[in-house]
Amino acid sequence: MVTPVFKVGEQLNYKLKYGFFTAAEADLRVEATDKKFDGRSAYHIVADGKTAGAFDILYKVRNRYESYVDERTLEPYFYTENRRESNYRHSDNVTFNHDDDKITAAKGVFPYKGKVFDFLSAYYFSRSIDVSKLKIGDTFDLKYFLEDGVHTLSITYVGKEKVKSDLGQFNCLKFNPTIIPGRVFRKDSKLYLWITDDENRIPLKAHVELVVGSVTMDLTAAKDLKYPLNPIKK
């Protein structure tokens, strides 16, 4: 059993900047649902992402991701994504069957072992991990399903830093998740993620290097949190 650090009603808003320009906005929220899975209650987590400003003219994106996760374990039962990226369209409905450890998606049926998440439920589950005993250099893994298979994300704890944001300055825990090089990321690209060092464990900021330039994600608003937001400076 996992003790969630969030509650129904929580809303988080982010902006993504490419260099000095705001490229996109993302909104995440936790909703109540009457749906039950295996007789158990679930959280309904929704994320919307869209391009902004000039980027919305050059390459319009309208994406929605939804995940239904067990209230006790935060493991997913059902995940759906609908992506509209310029002329590209993609949708998927993913069912996690915990009785026979199989994932059913558009591209087939995939067996798995242990805890496996979709990327949205992984985001919320990782916030609830006990990090009180982490030491600099410690690494932990999260398994997640994406389109056609189960992948592993390794996350390394870097240390503590103070980070400024639109909501004030916060004590943060800094992490370095692995990334896969390709068309977007260089072989030596680094991704850093800063999480508030409080009971909420909110991702406050992220920075990733691309083949050309870099992208920064910043928290712009946080509402209906389970615990009070605790900046050291406003």
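Biologist: Which residue in strand 13 is the bridge partner of Ile-155?

Modeller: Two strands pair if DSSP finds at least two bridges between them. Helices (H or I, at least four residues) and strands (E, at least two) are DSSP runs, numbered from the N terminus. Here the bridge partner of Ile-155 is Pro-177 in strand 13. Strand 12 and strand 13 (residues 168-177) are antiparallel, paired over 10 bridges, and they form a hairpin with 2 residues between them. The model is predicted: local features need pLDDT of at least 70, side-chain atom pairs count only at pLDDT 80 or more, and totals for chains, interfaces and linings use all residues. Residues are numbered from 1 along each chain as its sequence is written, and side-chain values use heavy atoms, with hydrogens and water left out.

Biologist: How many bridges join strand 11 to strand 12?

Modeller: Strand 11 (residues 139-145) and strand 12 (residues 150-165) run antiparallel and are joined by 7 bridges. Thr-139 stands opposite Thr-156 of strand 12. This hairpin has 4 residues between its strands, and Glu-147 in the turn has a positive phi of about 60 degrees.

Biologist: What counts as a salt bridge, and how many does a search of the whole structure find?

Modeller: A salt bridge is a side-chain nitrogen of Lys or Arg within 4 Å of a carboxyl oxygen of Asp or Glu. The search of the whole structure finds 15. One of them joins Arg-127 and Glu-10, with the closest N and O atoms 2.9 Å apart. This pair links distant parts of the chain, 117 residues apart: Arg-127 is in helix 2 (residues 119-127), and Glu-10 is in the segment before strand 1 (11-18).

Biologist: Are Arg-127 and Glu-10 buried or exposed?

Modeller: Buried means under 20% relative accessible area, exposed over 50%, and partly exposed in between (1.4 Å probe, protein chains only). Both Arg-127 and Glu-10 are buried.

Biologist: Which residues make the nonpolar surface patch?

Modeller: Patches are made of residues with over 30% relative accessible area and no salt bridge; like charges are joined within 9 Å, nonpolar side chains (Val, Leu, Ile, Met, Phe, Trp, Tyr) within 5 Å. Accessible areas come from the Shrake-Rupley method with a 1.4 Å probe, and for residues only the protein chains shown count as cover. Ile-57, Leu-58 and Tyr-59 make a nonpolar patch of about 400 Å². Leu-58 lies in helix 1 (residues 54-58) and is exposed, at 70% relative accessibility.
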